[in-house]
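This report describes selected side-chain contacts, surface features and backbone features of one protein model. The sequence and the structure are shown first.

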Amino acid sequence: MATHFVITYTATAGATGPLLGTDEEDIVLMQFLVWDAVCRKVVTEQQYIVRPPTEDINENVLGEQCREDFNLTEDQVKNGQPLENVVDSFDAILSKIAEGDTGRVALVTDGQLHLRQVMHPKALARNLVLPEYYNSFYDLRKEFKSFYHSEEMNTVPDMLNFLGMEGEENEELATRTVRDMGRIIARMITDGHRFVLPESILIRLEPGICSRTEEVDSACVVRARGLPWQSSDQDIAKFFRGLNIAKGGVALCLSPQGRRNGEALIRFISPEHRDMALKRHKHHIGNRYIEVYKATGEDFINVAGGSNNEAQTFLSRGGQVIIRMRGLPYDCTPKQVVEFFESGENGCQILDSEDGVLFVRKPDGRATGDAFVLFSTEEDSTKALGKHREIIGSRYIELFRSTTAEVQQVLNRSMDPRTYEQQQPLIAQLPQVPLLPQQIITSGTRKDCIRLRGLPFEAQVEHILEFLGELAKSIVYQGVHMVYNAHGQPSGEAFIQMDSEHSAFLAAQQRHHRYMVFGKKQRYIEVFQCSGEDMNMVLTGGLPAQRPVVSPGGTVIAPPFGAFPLGPAPPVLNAVGAVTPRLPTYPGVAYPTMFYWPYPSPPVSPSSPYYGSPPHLAAPATPPHHTIFLQRTSSQELIQQLLQADVLHGHGFADQRGIRQLIYGVPGSGSIRRHRAHHRHLSALCRRHTDIYP
């Protein structure tokens, strides 16, 4: 049994009682009472006022409940000590009391929340490593119930009433609570109770393998949504720091394309920990808030459960770290992978050499370009991840930290023949046709394009140009393509055509994982070099073209690069005007308007067939189909020409404000010249012939 009990009490600037820690408020008070179990007396009592790291001199830090319960003032908190100073100061006092042997010290708390929901998450947020004795504690409520076989005690006064003891008379809640807890501990030891089985707090997620036949308690599983795509299982375990996750209990969910979709299923060791996890709903990882919901054991098994013998053998080797490789040459061998990681100054060893490499293959044995690699230590994994985007043959390799659940998911899907069947279109009765004017989409295997991921949904072309900076000069004409999903909502992705492979390489190298500032938001953007063929497949939804199309210059683009599905090709116009081709008639099928906005005006490039208006337009019941060619002119003349073209009235653009919205993709207000960034794009429109396909 411990020689000293440290009764610990924490208070935050926000909620107290059963809601302690649910609002992510900072710690403002810590109270300690050290009780000597040998001499059976109080050795010392310490109270610390903690200064929050984000406090501002003009901001009210404390909530009303906190002021009343702890008699704190704003000045006291703003003049307090940082949390790290408080921890170090009390640790020095405790080491002196325990004569340097803090291993015989045990923390005691009133319930689970003070350490699990407050102390450990806040210490992690400040990169503070707590002393070892913070990783185990005794929950006085559980110890009391177990020893006296009483009903569950939710407060210290309830325990005192059960024992027939009077409470401490003190107006301040923290001081009163720790003193009463000290008296209860003394009474329990006198009555013969021994504190022998402390609660533990796991700092690191332990690896584990889940089988398809395993039973998982639904009361122990949650689903987390909104996770950063690059999050590893250890990152998610850090979000739930203080709560104990089962071995291998983090399963990252994958999209149908095999990529992480920002969701994960987490399995805890008990329903009690699951319930505390649910209280972290809308807590943050960086600037992102994470949604936490209940899930079922079946959900967890569907994601994390494995039945692939090859995966089971691979995972049973006992590696502490798994790295996923993407973009491997299809003829890559295990020897090449081993040499890839061993080469260079920061070379590292794969666990079991070539046996520690697992390639992902299709049911017919063909390679997919993915592989998993095992490493024995965290130090090796750091060196391994440092080789991200290095070269094997002529291919740069992407490296990500992975999990046992992801290995089993990927292997299960790769061996399922249905995974590689041709996906059916979202609207089956419509013909499979590309939606974009193909003359502006490049093709081929030259990597002269870049792909942006993680864009704010509100981002427009001008924000991308600002993000790229000087590199934006290398963008080709009409080379920016924003990707929208099938519902017409921004997907957070964009493709950009550069003037050379070198320009694309520089953009990917210099802007990858840089931040885009959008209002008060700050998002880091992923930038990857890719080929025109890659871009073409995504922007056209991977659909084959049907018939040739006439470009605005009059050039016929032959299949498979062009299609004009809605009727005969429009004639080339030499003056401003409108043409209204009639749509072919198909019984029982209505063809709404399709939209494309070429750069430098706000572009829309659906990633799959999208029939309907962009988010900022309201489509009429029977929208006409128009092609308008605008000659070089001034901004005001351009607006007048658009107003005179009666075709726009059907879309509700009958005034200059509406025309600005049509051109800029944002609501217009005031003079055009006040919108300088938008005016530059409008001027670019005026300098060249421009196609608008409403």
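## Lys142 and its salt-bridge partners

Lys142 is partly exposed, because its relative accessibility of 32% falls between the limits of 20% and 50%. In this predicted model, Lys142 makes a salt bridge with Glu272, and the closest N and O atoms are 2.8 Å apart. Because Lys142 belongs to helix H5 (residues 140-148) and Glu272 to helix H9 (residues 271-278), the pair ties together parts that are 130 residues apart in sequence. Glu272 likewise counts as partly exposed, at 31% relative accessibility.

Lys142 and Glu272 also belong to a network of salt bridges, in which they are linked with Arg116 and Glu199. The structure as a whole holds 31 salt bridges.

## Two further salt bridges

Arg126 and Glu84 meet through their side chains in a salt bridge, with an N to O distance of 3.6 Å. Arg126 is located in the loop between helix H4 (113-125) and strand E5 (136-139), whereas Glu84 is part of helix H3 (residues 83-97), so this contact ties together parts that are 42 residues apart in sequence.

Another salt bridge joins Glu74 to Arg67, where the closest N and O atoms are 2.8 Å apart. Here the partners fall into two classes. Glu74 counts as buried because its relative accessibility of 12% is under the 20% limit, while Arg67, at 28%, counts as partly exposed.

## Cysteines

How many disulfides does the structure contain? The count comes to 0 disulfides. Cys530 is accordingly in no disulfide; the nearest cysteine sulfur belongs to Cys449 and is 5.2 Å away.

Cys530 is buried, with a relative accessibility of 7%. Cys66 is buried as well, at 0% relative accessibility.

On the surface, a patch of negative charge is formed by Glu339, Glu342, Glu354 and Asp355. Asp355 is placed in the loop between helix H12 (334-342) and strand E13 (357-361).

Gly344 is found in the loop between H12 and E13 too. Is Gly344 buried or exposed? Its relative accessible area is 62%, so Gly344 is exposed, being over the 50% limit. The C-alpha atoms of Gly344 and Lys387 lie 9.4 Å apart in space, although the two residues are 43 residues apart in sequence.

## Positive phi angles

Most residues other than glycine have a negative phi. Arg389 is not a glycine, yet its phi is positive, at about 75 degrees. Arg389 has its place in the loop between helix H13 (378-385) and strand E15 (391-392).

His513 also has a positive phi, near 65 degrees, and is a residue other than glycine. The loop that holds His513 runs between helix H16 (501-511) and strand E21 (514-518). With a relative accessible area of 38%, His513 is partly exposed.

Conventions. Residues are numbered from 1 along each chain as its sequence is written. This is a predicted model: local features need pLDDT of at least 70, side-chain atom pairs count only at pLDDT 80 or more; totals for chains, interfaces and linings use all residues. Side-chain values use heavy atoms; hydrogens and water are left out. Patches are made of residues with over 30% relative accessible area and no salt bridge: like charges are joined within 9 Å, nonpolar side chains (Val, Leu, Ile, Met, Phe, Trp, Tyr) within 5 Å. Accessible areas come from the Shrake-Rupley method with a 1.4 Å probe; for residues, only the protein chains shown count as cover. A salt bridge is a side-chain nitrogen of Lys or Arg within 4 Å of a carboxyl oxygen of Asp or Glu. Lys and Arg count as positive and Asp and Glu as negative; His and the chain ends are not counted. The place of a charge is taken as NZ of Lys, CZ of Arg, CG of Asp or CD of Glu. Helices (H or I, at least four residues) and strands (E, at least two) are DSSP runs, numbered from the N terminus. A disulfide is a pair of cysteine sulfur atoms within 2.5 Å. Buried means under 20% relative accessible area, exposed over 50%, partly exposed in between (1.4 Å probe, protein chains only).
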